[in-house]
Every structure is written in C-alpha cells, then in structure tokens.
Amino acid sequence: MTEAITRSRRGRPGHDRDAVLRAAVALFIRKGYDATSIDDIAKSLNVTKSAVYHHVSSKEQLLAEVLDEALDELDSAVDAATRGTGPASERLRDVVRRSVEVLVAHQSAVTLLLRVHGNSDTEVAALRRRRRIDRALASLVNEAVEEGALRADLDPDVLSRLLFGMVNSLVEWYRPNGEISADQLASTVAALAFDGLVRA
C-alpha cells in the first residue's frame, strides 16, 4: 500500500487528490506554472514526490485539470445562454450573473486560467477554448444590440470585452469569506452593467 493511500485512510490532511490539486494551483498562482515543480508541490504538502505521483502522472496533468475546472463551468454557462430562448439581453444578463458565480465558486481555477500565456500544449488548448467562449459572448452582445436592448453606437466586441473584463477583474480583490455574498456580488455586477450608476 502506498504512502499516499495509507496516510489518506488515517485521515491526515494534505494527502488526497483534492489536496494535491489545491496545493498545485496555489503554487502555480504564487510562483507561476513554469517555476513550480512536483517537488515544490510535495514539499508544500509535507509528502514525498512519489506520494504526489500516486495521484497524477505529471505537473501538466495538474494544470489541465485545474483549467478544465474553470472552462467546463464557463462553457456550460455560455452554452445555456447562447442556446436559450427569450431576449438576448436577458440571456446576456443571466450569463453575466452566472459568470460571477462561477468565478466565486472556482476562484483559484479562474485566476489561473486568466494567467496562462500559451507556453505549453495544455495552455494553448485552454486559450483556444477561452477564445471560443469570448466569441460566443461577443455574438450574444451583438444579438442584444440588434434587438435594440443595448446601445448601437458602441462596438459589440468592445462592449463584450469591457463587460467580461469587469467580471474577470473580481479575481484580484474578491474574497469568498468577506462581507459580500456571491449572490450579492452577481446582482451588483449585473445591475452596474445593465442599469448603470446614475438614477433615472
């Protein structure tokens, strides 16, 4: 029986697969993916490298799993909005809210996604998926403009980038254990984006 399994069954923290993933993403964010090694991950958990390798075959597998965690949730939210019925403006508002909720629930994974630069096959694949999501969102914004729900004097692609850039910026300051709940945050972002700051 391996060291990882033995310790996990005893209930000691830091030796199951989820713990390995959490340790990896924390180090990837703090040090950068390229500067982080399996040995670094093992040391942060106070285990041997073989204990980490019991759960994953490589550092890149860890990266892929974390990025997929963020992308799968975002894909699902955008797909529901683009395939849905009803006014595009309402579907756009819904996907903004859902994007905030995804970010809060998977903040570390989304943070890492926003920091990849295409330095590996895994990162290139993640960036390709992210670009598909961006195109789908821009198309939804354009649909809302054509409906007359959004201003037609502003470029839809720019609107989309600004709108979801605001959502993405939340990773820099939002803390899940703070005073603002995920639901309050999602409502505030949607209200700011679609209702504005100035009272009518």
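Start by selecting K59, L62, L63, V66, L67, A70, L71, L74, A77, V78 and A81: these are the buried residues of α5, where buried means under 20% relative accessible area with a 1.4 Å probe and protein chains only, exposed means over 50%, and partly exposed lies in between. Helices here are DSSP runs of H or I with at least four residues, strands are runs of E with at least two, and both are numbered from the N terminus.

Before moving on, a word on the model: it is predicted, so local features need pLDDT of at least 70 and side-chain atom pairs count only at pLDDT 80 or more, while totals for chains, interfaces and linings use all residues. Residues are numbered from 1 along each chain as its sequence is written, and side-chain values use heavy atoms, with hydrogens and water left out.

Now show the whole of α5, residues 59-83. Its 25 residues reach 36 Å from first C-alpha to last, close to the 36 Å expected at 1.5 Å a residue; that expected span is 1.5 Å times one less than the number of residues.

What covers the buried side of this helix? Colour α2 (17-31), α3 (38-45), α6 (88-105), α7 (107-113) and α8 (121-147), which are among the elements covering the buried residues of α5.

Next, pick out F28, I41, V52, L62, V95, V100 and F164. Within the largest nonpolar core, which has 57 residues, these touch the most other members. Such a core is a set of buried Ala, Val, Leu, Ile, Met, Phe, Trp, Tyr and Cys residues joined through side-chain atoms within 4.5 Å. Back on α5, you will find the helix that gives the most to this core, with 10 residues.

Stay with V52 for a moment. Setting aside residues up to four places away in sequence, V52 touches V20, I38, I41, A42 and V47, a contact being heavy atoms within 4.5 Å.

Then go to H106, in the loop between α6 and α7. Is H106 buried or exposed? H106 counts as buried because its relative accessibility is 18%. Beyond its neighbours within four places in sequence, H106 is in contact with E69 and E73.

Finally, zoom out. The protein has 10 helices and zero strands, and its C-alpha atoms fill a box of roughly 65 × 35 × 30 Å along the principal axes. Of its 200 residues, 38% count as buried. Among contacts in the protein with a separation of 6 or more, 68% come from residues 24 or more positions apart.
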